[in-house]
Amino acid sequence: MYRCFIAFFAALLIASGVSAQSMRKFPPTALRGTFEVVQAPDVALNGKAARLAAGARIFGQDNMLKLSASLTGQKVLVHYTVDTQGLLKDVWILTADEAAKKPWPATVEEAQGWLFDPVAQVWSRP
């Protein structure tokens with residue numbers, strides 16, 4: 001009986017440690033903004049009209065793919081990338097810990113002028 005309890009407790013500790021260590025890695029081209037699905041593929045990005053690309057992926061806080069229709073009318077803080085035509089390619093809905101990492105560029109000009117540490121996932125202004 002005690003051996004089963006110890007094995008179960010050890011498995012819980014290992015599983016909780018793995019999930020606590022998983023941190024999403026964002027590309028250096030990812031910008032921060034507010035995102036709201038108006039009527040897919042039309043969205044509002046930072047309060048302005050934008051559009052999802054044909055193969056756009058929206059990742060939830062759990063890093064699972066989300067359907068754009070399930071987010072209709074919700075305004076969320078995200079990191080996003082755009083393709084060469086200016087359409088939204090990848091969107092990550094931020095967790096509270098990810099949102100707390102500041103500064104994070106909101107424009108391409110800021111991203112070009114700041115320095116990015118891909119290991120620590122932080123930006124610094126020069």
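The model is predicted: local features need pLDDT of at least 70, side-chain atom pairs count only at pLDDT 80 or more, and totals for chains, interfaces and linings use all residues. Residues are numbered from 1 along each chain as its sequence is written, and side-chain values use heavy atoms, with hydrogens and water left out.

**Overall fold**

- The chain holds 3 helices and 8 strands. Helices (H or I, at least four residues) and strands (E, at least two) are DSSP runs, numbered from the N terminus.
- Along the sequence, the order is α-β-β-β-β-β-β-α-α-β-β.
- Of the 126 residues in the chain, 30% are buried. Buried means under 20% relative accessible area, exposed over 50%, and partly exposed in between (1.4 Å probe, protein chains only).
- Among contacts with a separation of 6 or more, 57% link residues 24 or more positions apart. A contact means heavy atoms within 4.5 Å.
- The accessible surface of the chain is about 8,400 Å², and 62% of it belongs to carbon and sulfur atoms. Areas come from the Shrake-Rupley method with a 1.4 Å probe; for residues, only the protein chains shown count as cover.

**Strand β6 and its partners**

- Strand β6 spans residues 88-93; 5 of its 6 residues are buried, so the rest of the structure largely encloses it.
- Strand β3 (residues 48-59) runs parallel to β6, joined by 4 bridges. Two strands pair if DSSP finds at least two bridges between them.
- Ile58 stands opposite Val91 in β6.
- Strand β5 (residues 75-82) runs antiparallel to β6, joined by 5 bridges.
- His79 stands opposite Trp92 in β6.
- β5 and β6 make a hairpin with 5 residues between them. In the turn, Gly86 has a positive phi of about 85 degrees.

**Aromatic rings**

- Rings of Phe, Tyr and Trp (its six-membered ring) pair if their centres lie within 6.5 Å; planes under 30 degrees apart count as stacked, over 60 as edge-to-face and the rest as tilted.
- By this rule there are 7 aromatic pairs.
- Trp104 and Phe116 pair edge-to-face, at 5.8 Å centre to centre and 75 degrees between the planes.
- Trp104 lies in the loop between α2 (96-100) and α3 (108-113) and Phe116 in strand β7 (residues 115-117), so their pair ties together parts 12 residues apart in sequence.
- Phe116 and Trp123 have ring centres 4.8 Å apart and planes at 40 degrees, so this pair is tilted.
- Trp104 is buried, at 8% relative accessible area. Trp123 is buried too, at 5%.
- One aromatic cluster is formed by Phe26, Phe59, Trp92, Trp104, Trp114, Phe116 and Trp123.
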